[in-house]
Amino acid sequence: AVLPAICQKVIWSETPEQKKDRLAWWTNDRFGMFIHWGLYSQAARHEWVKKREKMTNDEYQKYFDLFNPDLFDPTEWARKAKEAGMKYAVITTKHHEGFCMYDSDYTDYDIVNTPYGKDILKEWVDAFRAEGLKIGFYYSLIDWHHPDFTIDSRHPQKPKTDDEYKSLNKGRDMAVYRKYLHNQVRELMTNYGQVDILWLDFSYPGKYGKGKEDWGSLELLKMVRELQPGVIVNDRLDLKDYEGGWDFTTPEQFKVQQWPTENGVRIPWETCQTFSGSWGYYRDEHTWKDTKQLLVLLIESVSKGGNLLLNVGPTARGMFDYRADQALEAIGSWMKFNDRSIYGCTQAPEEFEAPDHTLLTYNPETNRLYVHLLDYPMKNFLMPGFAGKIKYAQFLHDASEIKIGKSHGAWGKEKTRAQDVNLLLPVTKPNVEIPVI
Ligand code: FHN
């Protein structure tokens with residue numbers, strides 16, 4: 001007898017080609033905006049403020065009572081994302097604090113019961129779709145407000161023994177929370193049209209942690225895939241060893257050294273990164289990455305076959321921090337001339353060896369190699385040989401021109417002058433674009 005799909009660890013069966021087609025837009029677009037926005041934005045000191053300062057629900061209630069983003073203009077947000085070259089956006093519908101930024105049928109702890117009084121998620125979805133961006137929902141599996149979410153290893157009172165765990169959770173029933181969780185994900189997958197990305201966060205399986213059984217991950221994801229067959233789901237439901245259990249892996253806040261693999265096979269990945277170290281608005285945070293760091297982050301992600309989800313933490317009034325605005329504008333001015341070394345690109349073929357201070361991306365459709373010069377000026381600079389294709393590319397003078405030849409010295413007739421050689425900095429011109437012979 002054929003084992004039921006779940007016993008075979010198959011949640012969603014599709015051919016590799018079908019999965020490639022389903023992820024095609026995401027793999028092509030490469031660059032998205034992450035938005036962490038909630039009651040913690042009112043506190044203005046990190047989205048984990050409730051846990052870090054050990055606040056009770058009552059102590060945290062003042063942020064609910066005050067929340068009224070009177071300056072929120074979703075079209076302005078969407079245009080800033082679009083002009084920065086971002087093609088999709090993922091917004092927190094509910095973060096760990098348990099507050100819902102949408103009109104939920106399953107709780108009063110949501111946006112329509114704050115002074116704002118409207119379904120802000122609907123406004124956001126409509127505006128971003130109108131500007132042509134794909135829509136993603138972040139939803140926190142963790143919930144520090146719900147009375148049945150059991151206190152666990154991530155709680156300041158973290159239990160160390162079974163007795164402690166039992167006494168801390170007297171009266172709490174995780175099965176009740178699990179039903180709530182499934183109901184909320186269902187309404188998000190039902191009430192807002194096509195959802196392109198579902199970004200769930202996060203599992204920590206273990207004796208006092210939470211994993212697939214706690215979330216009901218198998219049933220949850222089957223329901224999601226039935227409601228939104230085209231949706232792309234991240235890897236945080238603790239279903240890494242299930243076929244169809246996830247679509248991309250999510251390294252965050254660090255430099256990815258090489259294209260991640262599973263069983264020796266390269267897998268889809270997206271790194272999520274903040275401007276400043278905090279996901280939620282943090283007024284006094286001063287460790288902001290500069291424009292070059294952010295651009296290199298984007299280029300480096302693509303050079304290793306991945307995506308970048310760059311986070312903005314809006315203020316409680318609905319504004320982006322001025323430093324986020326400046327960074328988005330600078331990235332946009334670079335993307336205006338260079339987006340073809342990002343969209344549709346991936347890691348360069350093995351035979352291309354990126355010299356020091358460069359990053360390579362490659363478009364397999366157009367067969368074009370992109371050389372991103374990270375330092376300036378770059379003079380008389382040789383790129384080591386490419387088997388049978390380009391032997392040498394010599395950047396001359398201020399890299400205002402490039403010679404490509406089959407062999408160093410005997411440039412011969414293969415000389416090619418790149419029409420639009422440019423540098424990463426100043427961020428206003430295209431990079432070197434080499435037609436691979
Ligand atoms: O705890 C969250 C954190 O606040 C933020 O939402 C990040 C974004 O990927 N996810 C969790 C930490 O991994």
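A quick definition before we start: a crossing counts as right-handed if the near helix is turned clockwise from the far one by less than a right angle, and as left-handed if the turn is anticlockwise. By that rule, helix 11 and helix 12 make a right-handed crossing.

Before going further with that pair, keep in mind that what you're looking at is a predicted model. The chain averages a pLDDT of 87, with 84% of the residues scoring at least 70. Residues 1-7 fall below 50, and this stretch has six contacts in the model beyond its near neighbours in sequence. Residues 396-401 also stay under 50 in pLDDT, and for them the model has 17 contacts beyond four places in sequence. As for the model scores, ipTM is 0.99 and pTM is 0.90.

An unreviewed UniProt entry annotates residues 17-338 as "domain: Glycoside hydrolase family 29 N-terminal". In the model, that span is 38% helix and 13% strand, and its end C-alpha atoms sit 29 Å apart.

Now for the packing itself. Two packed helices are described by the angle between their axes and the distance between the axes. Take helix 11 (residues 291-303) and helix 12 (residues 322-338): their axes come within 10 Å and cross at roughly 55°. That angle makes helix 11 oblique to helix 12. If you zoom in, you'll find Thr291, Leu294, Leu295, Leu298 and Ile299 in helix 11 meeting Ala327, Ala330, Ile331, Trp334 and Met335 in helix 12. Sorted by class, this contact has nine nonpolar residues, one polar and no charged ones.

Next, move to helix 5 (residues 74-83) and helix 6 (residues 120-130), whose axes come within 8 Å and cross at roughly 45°. These two are therefore oblique to each other, and helix 5 passes helix 6 in a right-handed crossing. Helix 5 brings Pro74, Thr75, Trp77, Ala78 and Ala81 to the contact, while helix 6 supplies Glu123, Trp124, Ala127 and Phe128. The class count here is seven nonpolar, one polar and one charged.

What about helix 8 (residues 174-190) and helix 10 (residues 217-227)? Their axes come within 10 Å and cross at roughly 15°. Angles under 35 degrees count as roughly parallel, so helix 8 and helix 10 are roughly parallel to each other. Helix 8 passes helix 10 in a right-handed crossing. His182, Val185, Arg186, Met189 and Thr190 make the contact from helix 8, with Glu219, Leu220, Met223, Val224 and Leu227 on the helix 10 side. Those residues divide into six nonpolar, two polar and two charged.

Finally, let's stop at a couple of backbone details. Where does the chain carry a cis peptide bond? One joins Asp201 and Phe202, with omega about -15°. Phe202 lies in the loop between strand 4 (197-201) and helix 9 (212-215). The other stop is Arg30, which has a phi near 70°, a positive value in a residue other than glycine. You'll find Arg30 in the loop between helix 1 (16-29) and strand 1 (31-35).

How values were computed. Residues are numbered from 1 along each chain as its sequence is written. This is a predicted model: local features need pLDDT of at least 70, side-chain atom pairs count only at pLDDT 80 or more; totals for chains, interfaces and linings use all residues. Side-chain values use heavy atoms; hydrogens and water are left out. pLDDT is the predictor's confidence in each residue, from 0 to 100. Contact means heavy atoms within 4.5 Å. Axes are lines fitted to C-alpha atoms, for helices over the stretch in contact, and angles run from 0 to 180 degrees between N-to-C directions. Helices (H or I, at least four residues) and strands (E, at least two) are DSSP runs, numbered from the N terminus. Angles under 35 degrees count as roughly parallel, over 145 as roughly antiparallel, 65 to 115 as roughly perpendicular and the rest as oblique. Ala, Val, Leu, Ile, Met, Phe, Trp, Tyr, Cys and Pro count as nonpolar, Asp, Glu, Lys and Arg as charged, and the others, Gly among them, as polar. UniProt positions are given in the numbering used here, feature names are shortened, and annotations may be inferred rather than shown by experiment.
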